[in-house]
Amino acid sequence: MVHFVGAGSGAADLVTVRGARLLGEADVIIYAGSLVNPALLDYAKDGAEIFNSAHMTLEEVVDTMKAAEAAGKMTVRLHTGDPSLYGAHREQMDLLDEAGISYDVVPGVSSFCGAAAALNAEYTLPNVSQSVIITRMEGRTPVPEGEKLRLMASHGCTMVLFLSTSLLDAAQEELLSGGAYTADTPAAIVYKATWPDQQVWHCTVGTLAETAREAGVKNTALITIGGFLGDAYDRSRLYDPTFTHMFRKGTQD
Ligand code: SAH
């Protein structure tokens, strides 16, 4: 059996309890070495075979899984953050289906959650934004027509940009041409969220590219954008003393 495990955003103790248990039981571990903290490999048992997928093709990864399966071994495929975001695990699952190999998925703490923690921020503040757009700037990987950054930027809601730190000159232009963010809209660059060397730079949409350039950040960073980084928001209804809901009677009907 193959277990796809979300490693979490960085810190080794942010993997789930289930993920850590499976790592400890695995005979074969294939980890995404470009982004997974190698400290996660400390959970492996003695004698586990470890492969770094940064140097492998899809076929090599799946062949390694097939060989393990044929030998009656259990494999953990360790993906950074949560596998469902830019994880490229769908294509692996499809090839495992073809080969008749069973698998399951253990979710992980995505880096966009790690970034919110690094910022002490809430993405969904009342009367600021109730939606989070997770997207990327188009680079070598194309983005569907309806998801071009300027269209996504027309909503003005909270936005988290993955895989875009080396494309910030173009991204900044797209963000501004959407019409909802201004050059003064707050933004933050979060480098290696939850890793020991995590760093945060607060800036604005108008200074994103310059801030990244001055900091020398090119990868392993998320760009967060929106009024959630500002000071103004409404209190929640849920904890408002006057507000009545299913679990609590408020002071007003
Ligand atoms: N599945 C992963 C994302 C993989 S795509 C997840 O759920 O987080 C790789 C991109 O994720 C990187 O280019 C970077 O933009 C972002 N990323 C991954 N880990 C990060 C971290 N600890 N801090 C900031 N960004 C991170």
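Predicted model: local features only at pLDDT ≥ 70, side-chain atom pairs only at ≥ 80, totals over all residues.

Residues are numbered from 1 along each chain as its sequence is written, and side-chain values use heavy atoms, with hydrogens and water left out.

I then looked up the geometry: the axes of α6 (residues 168-177) and α7 (residues 208-215) come within 8 Å and cross at roughly 160°. That makes α6 roughly antiparallel to α7, a term for angles over 145 degrees, whereas those under 35 count as roughly parallel, 65 to 115 as roughly perpendicular and the rest as oblique. The axes are lines fitted to C-alpha atoms, for helices over the stretch in contact, and the angles run from 0 to 180 degrees between N-to-C directions. The helices are DSSP runs (H or I, at least four residues), numbered from the N terminus.

Which residues make the contact? I found Leu168, Asp169, Gln172 and Leu175 on α6, and Leu208, Ala209, Glu210, Ala212 and Arg213 on α7, where contact means heavy atoms within 4.5 Å.

**Helices α2 and α3**

For α2 (residues 58-70) and α3 (residues 90-99), I noted axes that come within 10 Å and cross at roughly 45°. The two helices are therefore oblique to each other, and their crossing is right-handed. On α2 the contact includes Val61 and Met65, and on α3 it includes Leu95 and Ala99.

**The two domains**

I recorded domain 1 (2-106) and domain 2 (111-229), with bounds that come from an automatic or database domain assignment. Their centres, taken over C-alpha atoms, are 29 Å apart, and 11 residues of domain 1 are in contact with 12 residues of domain 2.

How much area do the domains bury between them? I noted about 840 Å², 69% of it on carbon and sulfur atoms; buried area is the accessible area (1.4 Å probe) that two parts lose on being put together, summed over both. In domain 1, Ser9, Leu85 and Tyr86 lose the most area to domain 2, together 61% of what that side buries.

Notes: Left-handed = near helix turned anticlockwise from the far one by under 90°.
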